[in-house]
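Colleague: I have just opened this structure and would like to learn how to read it. Could we go through it one feature at a time?

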Amino acid sequence: MSTGVRATLFGTSRVEPVTAVNAVRWAAERLRPHRGDAARLEATYLVAGCLGLGLSEVGLRPDRALEDREWEELQRRVERRLAGEPLQYIEGRAAFREFSLKVDRRVLVPRPETEVLVEHVLAWAAGRHDLVALDVGTGCGAIALSLVLEGPFERVVAVDISRAALNVAEESARAAGCVSRIEFRHGSLFDPVRPGERFDAIVSNPPYLAWHERANLAPEVREWEPAEALFAGPTGLEVLEVLTAGASRYLTPRGLLALEVAPGQARIVAERLARDARYVRVQIRQDLAGLDRVVLAEQDDVGD
Ligand SMILES: C[S@@+](CC[C@H](N)C(=O)[O-])C[C@H]1O[C@@H](n2cnc3c(N)ncnc32)[C@H](O)[C@@H]1O
């Protein structure tokens, strides 16, 4: 983009550099018809990403001039956003708890509900030592990284059916300096677990949508996030059923099973666990919106 075009964009005959504040204004105007009230915040986020600044720093440096390559990059990112791509994929990063994780189309964007799941696992783990966890369906590695970085987890085995997702998660673990404590294994659910292996905690945010729910999803989710991260099968409960039926075999006595579920599934999953004599202390916990979202259970004292 030449400086002359810049002048046209900002409605002035003078050739002048694009500043951070002007760039935000321009991007917000482009986004507003599609993004409404969110346009200005999204514009600030995109400008911050192009300039390598934090969100709040953009406002503190309104006169920061964009270099040509930054301006070109901003225009590309605005076009991607207008095409519906999630902001986190455009940025290549997603915030999760206190971390910034690598994300792209190979993985689901981690959600605040999963931060709540992690919070419950960390609360259970407090006061214990040298724990080993299994994260089933690790995706971008949000759960696995949080457990080794925030809790008394010495090691996490992180499983995913998507090799591409494992590569993304491994990159984040390497960047966070914890790659030696997370073992990435490719395969379906418990298949990659080795004979005789036992875990103090099995944690999973599995796919839990039913196929027919696809039409109701926001286009941003439906068109961009990986289908294998979202859909479990005809009812949505298919993966949760395998996890609840199988986890006991891989838990240590008094080990924790912690599952993220859709709100309408919590009671079904909890009842299933409560009927199974191998599990005790079955609980349902709510997310930040007050919806049933997490199901917790402990293996009994004996184990499977
Ligand atoms: C809802 S995403 C969760 C990702 C990440 N744990 C998070 O919370 O953001 C579900 C993940 O499970 C993986 N997955 C789906 N089916 C699987 C299976 N049968 N075995 C292992 N992983 C599976 C998907 O590839 C995806 O990465």
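Modeller: Let us begin with the overall layout: the C-alpha centres of domain 1 and domain 2 lie 37 Å apart, where domain 1 covers 3-83 and domain 2 covers 93-299, with bounds that come from an automatic or database domain assignment. Please keep in mind that this is a predicted model, in which local features need pLDDT of at least 70 and side-chain atom pairs count only at pLDDT 80 or more, while totals for chains, interfaces and linings use all residues. Residues are numbered from 1 along each chain as its sequence is written.

Colleague: At what angle do helix H2 (residues 20-35) and helix H5 (residues 68-82) cross?

Modeller: Helices (H or I, at least four residues) and strands (E, at least two) are DSSP runs, numbered from the N terminus, and axes are lines fitted to C-alpha atoms, for helices over the stretch in contact, with angles that run from 0 to 180 degrees between N-to-C directions. Here the axes of H2 and H5 cross at roughly 15° and come within 10 Å. That makes H2 roughly parallel to H5, as angles under 35 degrees count as roughly parallel, over 145 as roughly antiparallel, 65 to 115 as roughly perpendicular and the rest as oblique.

Colleague: Which residues of H2 and H5 make the contact?

Modeller: Two residues are in contact if their C-beta atoms, placed from the backbone, lie within 7 Å. On H2 these are Ala23, Ala27, Arg30, Leu31 and His34, and on H5 they are Leu74, Val78, Arg81 and Leu82. The residues of this contact of H2 with H5 divide into six nonpolar, one polar and two charged, where Ala, Val, Leu, Ile, Met, Phe, Trp, Tyr, Cys and Pro count as nonpolar, Asp, Glu, Lys and Arg as charged, and the others, Gly among them, as polar.

Colleague: How does helix H3 (residues 39-51) lie against H5?

Modeller: The axes of H3 and H5 come within 9 Å and cross at roughly 140°, which makes H3 oblique to H5. The residues of the contact of H3 with H5 divide into six nonpolar, one polar and five charged.

Colleague: And what about helix H8 (residues 142-150) and helix H9 (residues 163-176)?

Modeller: H8 and H9 pack at an angle of about 20°, with their axes 10 Å apart, and that makes H8 roughly parallel to H9. Ala144, Leu145 and Leu149 of H8 meet Ala169, Ser172, Ala173 and Ala176 of H9.

Colleague: Which residues come nearest to the ligand?

Modeller: A residue is near a molecule if its C-beta atom, placed from the backbone, lies within 6 Å of it. Of the 23 residues around the ligand, Gly137, Gly139, Ile161, Asn205 and Ala229 come nearest. H8, strand S4 (153-160) and helix H11 (227-230) are the elements that give two or more residues to this shell, whose residues divide into 14 nonpolar, seven polar and two charged.
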